[in-house]
Every structure is written in structure tokens, then in C-alpha cells.
Amino acid sequence: TVGDFPAVGLRFAVIVAGYMSREQDLPALLGRLGREPCSPQPRRHTTRWRKSPCGPAPDASPRFRLPTLHLSGSADRVSPPWMSLQLAGLFERPTVVRHKGGHRTPFHTEVVHAMLSFLVRFCEPDSVLEAAPANL
């Protein structure tokens, strides 16, 4: 079924400055999940998006069953935080980390700590990261 990612070998995803795709196949994929697709419209002749009226999915909506970490910058003008939250709403229990930066991968202590805390859940028992202190 849609949303079961172990069949393709995915255990988790880290999404930086994510947003909903404008690909033509997205509405069909979301329809297979039993969701109404959100379709923000581009402004006149630009590729920037208007804020969509559809936010994160209501609790009863089907979601992708893949652990995800979403990094979103409050100063991101390419993929503003509302776009990242809209995408995160497609997943069951997404981990969302906000930072003060823009459209980039931040390497501040707090963000790196959050990334490691997320990633350690997927480490093999004998990995170096798995052996790191439990207070990550």
C-alpha cells in the first residue's frame, strides 16, 4: 500500500526546506492515500507560491508511514515555514525542527543535536553513533 516504505528500502527521510511538489502525479498519489490534494497556485508570472488555505492534515487523514525529520528556517523565503509544515503534515508523527536561518542546512549546536537524536533511532547496534551518550 502507499505509505509502506520498507518495500523500497527506506527507513527514514530527512527533508530540508521541504515543500509540496507541483508535479502532476501528486494529486493522484494523495488521492490513493484518501486525502484531498492541496494545490497552492503560483502567483502571476513567478514561481513563488501564495500561502495555501490547506494546512497540515486533519488527524483523521491518512499519512505516509515513514519517520521524517523536517528542517525549516524561519527566514527561508524560498520554502517558507508554512510550506515545510504543509509537507510535514503528510507524514505520521513528523519531527519538525525550526531554526533561525534561511534556505540551507544549518549546523548550529541545537540543530545538529536534534538531527543526531533523530538519526540515532535508525543506527545499527554496533555503530559509533549508537554508542554515543544517551543524552543526545
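Author: What follows takes the labels one at a time. Keep in mind that this is a predicted model.

Reader: What elements does the chain have, and in what order do they run from the N terminus?

Author: The secondary structure comes to three helices and three strands. From the N terminus on, the order is β-α-β-α-β-α.

Reader: How many aromatic pairs are there?

Author: Four. Rings pair if their centres lie within 6.5 Å.

Reader: Why is the pair of F12 and F122 called stacked?

Author: Planes under 30 degrees apart count as stacked. The ring centres of F12 and F122 are 4.6 Å apart, and their planes meet at 25°, so this pair is stacked.

Reader: Which parts of the chain does that pair link?

Author: Distant ones. F12 sits in the segment before strand 1 (13–16). F122 sits in the segment after helix 3 (109–119).

Reader: What makes F12 partly exposed?

Author: Buried means under 20% relative accessible area, and exposed means over 50%. F12 has 30% relative accessibility, so F12 counts as partly exposed.

Reader: And F122: buried or exposed?

Author: F122 has 12% relative accessibility, so F122 counts as buried.

Reader: Where do F64 and F91 lie in the chain?

Author: F64 is in the loop between helix 1 (26–32) and strand 2 (68–73). F91 is in the loop between helix 2 (81–88) and strand 3 (95–99). They are 27 residues apart. Both F64 and F91 are buried.

Reader: Which residues do ring pairs link into a cluster?

Author: F12, F118 and F122.

Reader: What makes up the largest nonpolar core?

Author: Nine residues, among them A13, I15, F64, L66 and F91. A second, separate core has eight residues, including V97, A114, M115 and F122.

Reader: Which residues does A13 contact, leaving aside its neighbours within four places in sequence?

Author: A13 is in contact with L66, P67, T68, L69 and F118.

Reader: What share of the chain counts as buried?

Author: 37% of its 136 residues. The chain exposes about 8900 Å², and carbon and sulfur atoms supply 55% of that area.

Technical notes
Residues are numbered from 1 along each chain as its sequence is written. This is a predicted model: local features need pLDDT of at least 70, side-chain atom pairs count only at pLDDT 80 or more; totals for chains, interfaces and linings use all residues. Side-chain values use heavy atoms; hydrogens and water are left out. Rings of Phe, Tyr and Trp (its six-membered ring) pair if their centres lie within 6.5 Å; planes under 30 degrees apart count as stacked, over 60 as edge-to-face and the rest as tilted. Helices (H or I, at least four residues) and strands (E, at least two) are DSSP runs, numbered from the N terminus. Buried means under 20% relative accessible area, exposed over 50%, partly exposed in between (1.4 Å probe, protein chains only). Accessible areas come from the Shrake-Rupley method with a 1.4 Å probe; for residues, only the protein chains shown count as cover. A nonpolar core is a set of buried Ala, Val, Leu, Ile, Met, Phe, Trp, Tyr and Cys residues joined through side-chain atoms within 4.5 Å. Contact means heavy atoms within 4.5 Å.
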